[in-house]
Amino acid sequence: MSVDRTPGDRADVCVVGAGPAGALIANRLASTGHAVVVLEAGPRFDRERRIERMEDALRPAHGRPDVWEMGGDRDAFTSSGDRGYPLNHTRVKGVGGSTLHWQGMVMRLHERDFAVESQDGVGADWPIDYDDLRPYYAEAEAALGVAGASDNPFAPPRERPHPLAAFEPSYSDSIFADACESLGITTHSVPNARNSEPYDDRSACVGYGTCQPVCPSGAKYDATSHVDKAEAAGARVIDRAPVQRLEHDDAGERVTAAVYATPEGQTHRQEARQFVLAAGGVETPRLLLLSESSQYPDGLANSSGLVGRYFTEHLFAGTGGVVDRPTRQHHVGFNTTESHQFYDEPAAGTAQGIPAAEGANDDFGAIKLEFLNYAGPSPVEAALTDGGWGDELRDRVADAYGNHLTVGALVEQTPRRENRVTLDPSRTDDHGNPVPEIHWSLDERTRRTIQRANEIQAAILDEVGAEITWQVGPENTGPAAHHMGTTQMGTDPGESVVNAQGRTHDLPNLWVAGSSVFSTGGAMNPTLSIAALALRTAEHIETAL
């Protein structure tokens with residue numbers, strides 16, 4: 001069927017990006033009677049094909065970007081710095097955005113995360129604190145449908161329990177429980193944006209175990225839920241409409257149109273009163289840089305020179321091994337137990353067995369320990385990779401599967417000005433625009449934090465009685481697919497891109513939503529904070545209309 005991708009009449013709001021931030025803002029504003037147009041660079045994916053996508057994900061021939069059709073000239077990028085950055089492994093372009101392939105863990109930032117500069121002397125303090133975001137966190141948990149036990153003694157204060165009951169701890173969690181108790185480590189449940197019971201017209205989780213990169217049942221939240229709500233409220237969502245640049249008026253005071261391309265080779269201008277960039281931590285700064293003009297020679301909204309700067313990630317630290325008993329790995333495709341004990345005090349030890357680190361707490365970033373339920377090789381992957389059937393396959397799977405354990409962690413990365421997103425004029429995308437270039441490297445504070453996480457993980461596995469067989473440490477760490485910090489919020493226009501409400505300092509009708517506005521990233525999966533900030537920004541946009 002042909003799709004009408006021509007622009008509509010001048011809208012109240014034009015949103016660029018149909019991921020969680022864009023979808024929540026579009027739904028909120030459309031539901032209150034405003035004319036909203038959403039421009040999404042990627043396609044609408046057929047829900048009926050999700051089981052096929054799951055099957056693709058299980059086959060070794062399909063890399064992770066292939067499952068959601070990432071790659072080619074459209075998604076070209078370059079990477080520099082100390083480490084290559086696997087951008088197309090960490091994002092999805094399409095209606096729903098990266099929630100189509102995310103793990104689904106949703107935690108609130110801690111109170112310390114909003115004031116890391118004041119506390120630790122690194123990064124920049126947010127212009128808001130936890131209490132400013134607290135009511136929006138509650139609203140976001142209800143919107144996404146978060147299952148949790150509200151049992152985390154290290155978490156910031158809550159106003160009510162999680163909307164849905166927590167998932168039961170996995171079998172492997174029970175193996176870790178005794179060891180953690182012996183070592184003086186307190187564990188607690190993991191809040192998950194997946195249904196433990198039917199909720200918001202979505203089924204309860206049925207246990208496919210392929211949550212990342214595909215949830216075939218729809219039990220795990222993705223942003224198509226709020227895209228559907230926005231469209232039902234009157235919003236117009238145009239897919240496969242990558243925005244090429246933003247135009248502004250002659251005075252350089254207001255954005256007037258988003259110029260976008262279509263698959264048919266046409267170029268259109270969508271006019272609006274207010275514009276929201278919600279295209280993620282890489283494409284949002286790229287679009288601002290592409291929108292240079294005589295008034296903004298360094299890129300739109302970039303009078304501070306910070307558009308694209310302070311690109312920040314979470315780093316993975318992990319330690320794994322084998323034990324002489326079954327662990328029933330891969331029966332659950334998501335985490336059910338974790339520990340924030342070393343989040344606010346990463347250097348602290350325990351009386352029972354974890355020694356204190358050499359150095360003070362501010363010598364390290366935050367650490368979030370995770371007890372992984374999908375450790376070791378997948379039996380399906382082993383069968384499809386190695387070949388062989390019948391008794392041969394049975395024996396090989398029996399030898400390789402069923403007794404692995406892993407303790408993982410997300411580690412805070414110290415924000416650094418030199419980590420950034422720029423344009424690479426030597427390479428262009430399918431529309432002739434310079435592709436994004438990711439400059440990414442690690443600092444010594446982050447390396448120390450990863451090493452500290454490894455020490456704690458090894459102690460836990462030793463207590464379990466595991467033979468440690470591998471470790472991901474400072475030299476072989478990788479990103480957690482959380483792009484943050486490239487359009488930081490702040491009160492000083494010379495030291496930030498947007499203000500505390502998400503409005504750009506330079507143009508009063510241009511807003512940014514998503515993790516790019518984070519001043520610092522902590523070590524929490526960012527989507528719940530993205531959602532809470534988006535709901536807060538939507539209120540301020542509505543006031544401006």
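Which side chains meet in a salt bridge at 3.6 Å, N to O? The side chains of Arg447 and Glu444 do so, and the pair is taken up again under the charged contacts below.

## Basis of the description

This is a predicted model, in which local features need pLDDT of at least 70 and side-chain atom pairs count only at pLDDT 80 or more, while totals for chains, interfaces and linings use all residues. Residues are numbered from 1 along each chain as its sequence is written, and side-chain values use heavy atoms, with hydrogens and water left out.

## Nonpolar cores

A nonpolar core is here a set of buried Ala, Val, Leu, Ile, Met, Phe, Trp, Tyr and Cys residues joined through side-chain atoms within 4.5 Å. Buried denotes under 20% relative accessible area, exposed over 50%, and partly exposed the range in between (1.4 Å probe, protein chains only). The largest such core comprises 87 residues, and those with the most contacts inside it are Ile25, Val36, Leu39, Leu144, Leu246 and Leu510. Helix α12 (residues 527-544) gives the most to this core, with 9 residues. Helices (H or I, at least four residues) and strands (E, at least two) are DSSP runs, numbered from the N terminus.

Contact means heavy atoms within 4.5 Å. Leaving aside residues up to four places away in sequence, Leu144 touches Trp102, Val106, Ala193, Arg202, Tyr221 and Ala531.

## Packing of helices α1 and α12

Helix α1 (residues 20-31) packs with α12 at an angle of about 35°, their axes lying 9 Å apart. Axes are lines fitted to C-alpha atoms, for helices over the stretch in contact, and angles run from 0 to 180 degrees between N-to-C directions.

## The six-stranded sheet

An open sheet is formed by 6 strands in the order β4-β10-β11-β12-β9-β15, with antiparallel pairing; two strands pair if DSSP finds at least two bridges between them. The edge strands, each pairing on one side only, are β4 (188-189) and β15 (467-472). Strand β9 (residues 314-322) is joined to β15 by 5 bridges, and Val322 stands opposite Glu467 in β15.

Helix α6 (residues 171-183) packs on this sheet and touches β10 (337-339), β11 (367-372) and β12 (404-412). The direction of α6 makes about 70° with that of β12.

Strand β7 (residues 255-261) is largely enclosed by the rest of the structure, because 6 of its 7 residues are buried. Strand β6 (residues 243-248) pairs with β7 in the antiparallel sense over 5 bridges, and the bridge partner of Val243 in β7 is Tyr260. The hairpin of β6 and β7 has 6 residues between the strands, and Gly252 takes a positive phi near 70° there.

Strands β7 and β8 also run antiparallel, joined by 5 bridges, with Val259 opposite Arg269 in β8. Between these strands the hairpin has 5 residues, and Gly265 takes a positive phi near 90°.

## Salt bridges

A search of the whole structure finds 34 salt bridges, each defined as a side-chain nitrogen of Lys or Arg within 4 Å of a carboxyl oxygen of Asp or Glu. Asp12 forms one with Arg273, the closest N and O atoms being 3.1 Å apart. This pair links distant parts of the chain, 261 residues apart: Asp12 belongs to strand β1 (residues 11-16) and Arg273 to strand β8 (residues 267-277). Asp12 counts as buried at 15% relative accessibility, whereas Arg273, at 29%, counts as partly exposed.

Asp120 and Arg112 form another salt bridge, with closest N and O atoms 3.2 Å apart. Asp120 is buried, with a relative accessible area of 13%, and Arg112 is buried at 8%. Arg447 and Glu444 are separated by about one helical turn, because they are 3 residues apart in helix α11 (residues 444-464). Arg447 is buried at 17% relative accessible area, whereas Glu444 is exposed at 51%. Elsewhere, salt bridges that share partners join Arg74, Asp75, Arg91, Lys93, Glu283, Arg286 and Asp429 into one network.
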